[in-house]
Amino acid sequence: MKWKNNTWKGRWLYMLLLLALIPIVIAQKIGDPYKILGIHRKATLVEIRKAYRQLAKEWHPDKNEDPNAEARFVEIKQAYELLSDTERRQAYDLYGITNEDDHMYKQRHDYSKYARFSNDPFDFFSTHFRTQDHDITVFHKLSVTTRHFENNILEKSVHTPALVLFYTDWCFDCLRSTTAWRRLVEALQPLGMTLATVHAAHESNLARRIGVHGLPCLAFILDKQIYLYKDGLGSLPKILDFIRWKFPYKMVKSLNDNNMEPWLSDFDDNKVKAVIFEDRQLIRLRYLVTAFYYRERVSFAFVDVSAPDTVVLRARYGVSRRLDSMVVLKEDRAEPAAAVATAEIPTHTLRDLIDANALLVLPRLSSQSVLEAVCPVEWRAARRRLCCVLVAAPGSPALPPLRALARSAPDRLRYAYLSQRTQYDFLQALANASGLDTASLEHRIVVLWRRESTRVQYEWLNETWPVCGAGGGAGGGAGCGEDEARYQEQLNATRRALDALVRRLLQPSATGAYEARVAELADEAARGAVWRGLARAAEWAERALAALRTHHALSAASVLATVLLVLAVAYLMAYLVRIEEESVQRAKEERRRASGGKRADPPPEMRLHELRAEKYNGLVRLQKPGCRTIVLLVDSQSKVQLLSKFHKIVWPYRKNKTLVWAYLCVERHVCWFGRVLQACGAGAGGGAELRVNARNAVGTVLALNPHRKYFCIYHAKHPECAKPHKRMSRMTRSLGGRARDPEAGAFIGFTTDPDSSDDDYDPPLLLQENLLDGLENWLDRLFEGSTHRYYVNYWPDMTTK
């Protein structure tokens, strides 16, 4: 019985263990993450995050009473974690892998525990570079993966700039850059910039996608834009100048006594104003990085206290020239809302001061980000935060009294106003749920409680906020005239009603009268594509003009002068060419008029000379050195057909002034052709006269070099014209035993008679129109110098018949 009890206890423990492992097993088996989040397979990271936020808020166990809400919430979270990781998403798309073990499809490279001294066999080289102050561990300590780069550095670059260095272990240029990188880290990290390194060999896809041109390569990431630094890391000022140039132009306004009043009194941009005072002409990079971080909430200005036109501005806020100062201004009063002055203001001090004063006293809900800051989401009733929103246009006389009320608001209550013209969709959703007409919402106050990002509980104040004349001041009584007392009475009554409504809605058990789903607020500062293009063009024009006034003026002027000089020379050349063309056209027109309107035939571009006795000296014997005469042998039957084809083949060489083209009638000068062959030793031997069959010589081409006393020969049956690499063997077989020297003999049958026979060689039958088929290839070899040359002692005479 004791054994049975132990057995049952073991079985119960086993079952409890299985029940405990079931959630883990189920959690590892993720379904289709795209279907879970309700997105398509080509969804971007922004779309994935947006879908995750909506579903997570909808299925959160604390907000959804569905019994499957917890399992559904876990499933949504796992799907988001899979798709937000670029590597895991790629593994799922390619192989269907949903397991969270990254090592199953890619090896990770972790440098967090990289040892300064290792036991590798190349430790001698490592020690050498460490003694030279080149320690590559400075790269490993900041090394990040592709996932971290995309999900953190790139995404956060909208407000935090980043500097990323690409390197490899055995890159000697990288080793030499360790000191420069260490200086960059020490200089830029305290400014609030992100500095990281990426191992280009381990993260090759990222390096290739960014376009890394060489190692080491420095990349500056700003507002999701990647800028590659093409120079070396040796000059820290050049790198800082490169970084400064990439920040938005005129993000920080230059302020002086002449332009201070319009800027200090204009709060229509719905931003707090921060003025930085420095005794220098250019703002420090630390303040520029801070201005970029808060550019959506704070409008920054820079004052050079050493300039003579800033005396009034400096005296207005009591700024010392020996200290860096920053004052924060809001719309309700002239004196600063906050101020700080030190020798060099630390970045954390700047951010703490701005975070405490990041919103106006009465901000306008001009975008979704402002709504998130003024009215944050809070789903717990006991800690709810209320927002009193007045529907009014910017500059309305109803705003100053409400601003005075907002100055003393409790912690869980914020005041704001909303423009009906720009946020019509948001107000229409509130009006439809409460049954009001949108036309009657002007100067009405609504108290909001944002339980979710798209769902609000709210209640309208029954009284309309009273409006005095356009000159109504902060107290609400100035400029009302006879109606001042009545206006003050209405204002006090409205304030009491609003105070009672707020105190009631702050109770944990209280709920708003209405509930509605609202869309995101429209961004009033957003610009269209055309406007952004014009602004970018104007920005670059202003940058160029500003560069001309700095120390870069000389280099910019030289580049501009070079461009203008090149354009001037090009224009001059085009003008001269145009004048020359016009003069040629005028000359042609005059010749046409002189010839009675008839167009003269153009002169022939290539002429074929007939080689005969009276032209023999000019074409052969007296030819200039370096010139050659190309002669085609024809008879009366083949003259027309062969000359036409010969002219077509040699036409591309018509502009060569060293070539003379001719033809020879073998019927009249066959004896000269035979003496030429015999002069190079091509006779039958013994000095006997070579008798050539004129008909067999038709289609032969001779390339005569009169000065060097040699010629090259082409014939369709010549072994050299068939296959050059077998020329000597075929020639030897063709000539047979007629001569021992392959250059001597019967010359491919020029002397054969129709009745003669040869057992060793039976030439193929050729038609007249195929005699010049191989001439083009032979001419190429002739001009390359690869044809065989037949040398003569003298050129024989050509007699007339």
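Q: What makes Asp223 partly exposed?
A: Asp223 has a relative accessible area of 36%. Buried means under 20% relative accessible area, exposed over 50%, and partly exposed in between (1.4 Å probe, protein chains only). The value of 36% therefore makes Asp223 partly exposed. This is a predicted model, in which local features need pLDDT of at least 70 and side-chain atom pairs count only at pLDDT 80 or more, while totals for chains, interfaces and linings use all residues. Residues are numbered from 1 along each chain as its sequence is written, and side-chain values use heavy atoms, with hydrogens and water left out.

Q: Where is Asp223 found, and what is its phi?
A: Asp223 is in the loop between β3 and β4 (225-229). Helices (H or I, at least four residues) and strands (E, at least two) are DSSP runs, numbered from the N terminus. The phi of Asp223 is near 55 degrees, a positive value in a residue other than glycine. Most residues other than glycine have a negative phi, and most peptide bonds are trans.

Q: Which residues does a cis peptide bond join?
A: The cis bond joins Leu215 and Pro216, with omega about -5 degrees. Pro216 lies in the loop between α11 (204-210) and β3 (217-222).

Q: Why is His443 called buried?
A: The relative accessibility of His443 is 17%, so the residue falls under the 20% limit and counts as buried. His443 is placed in the loop between α19 (424-434) and β12 (445-450). Its phi is positive, at about 65 degrees, although His443 is not a glycine.

Q: Why is the pair of Tyr458 and Trp460 called edge-to-face?
A: Rings of Phe, Tyr and Trp (its six-membered ring) pair if their centres lie within 6.5 Å; planes under 30 degrees apart count as stacked, over 60 as edge-to-face and the rest as tilted. The rings of Tyr458 and Trp460 have centres 6.4 Å apart and planes at 90 degrees, so the pair is edge-to-face. Tyr458 is buried, at 1% relative accessible area, and Trp460 is buried too, at 6%.

Q: What makes the pair of Tyr458 and Tyr514 tilted?
A: Their ring centres are 5.6 Å apart and their planes stand at 35 degrees, so this pair is tilted. The pair links distant parts of the chain, 56 residues apart: Tyr458 belongs to strand β13 (residues 455-460) and Tyr514 to strand β14 (residues 514-517). Tyr514 is partly exposed, with a relative accessible area of 31%.

Q: How many aromatic pairs are there by this rule?
A: The count comes to 17 aromatic pairs. Ring pairs also link Phe646, Tyr653, Trp661 and Phe783 into a cluster.

Q: How do you know that the charged end of Arg351 sits over the ring of Tyr293?
A: A charge sits over a ring if NZ of Lys or CZ of Arg is within 6 Å of the ring centre and within 35 degrees of the ring normal. The charged end of Arg351 is 4.1 Å from the centre of the Tyr293 ring and sits over it. Arg384 likewise lies over the face of Trp449, at 4.1 Å from the ring centre.

Q: What makes a set of residues a nonpolar core?
A: A nonpolar core is a set of buried Ala, Val, Leu, Ile, Met, Phe, Trp, Tyr and Cys residues joined through side-chain atoms within 4.5 Å. The largest such core has 54 residues, and those with the most contacts inside it are Trp672 and Phe711. Among the elements that give two or more residues to this core are α23 (613-621), β17 (659-665) and α25 (666-679). Strand β17 gives the most, with 7 residues. A second, separate core of 52 residues includes Ala180, Ile283, Leu285 and Met326.

Q: How do you know that α4 has close to its expected span?
A: The expected span of a helix is 1.5 Å times one less than its number of residues. Helix α4 (residues 69-84) has 16 residues and reaches 22 Å from its first C-alpha to its last, close to the 22 Å expected. Buried residues of α4 include Ala69, Phe73 and Ala79.

Q: Why is Lys35 called exposed?
A: Lys35 has a relative accessible area of 70%, which is over the 50% limit, so Lys35 is exposed. Lys35 is placed in helix α2 (residues 33-37).
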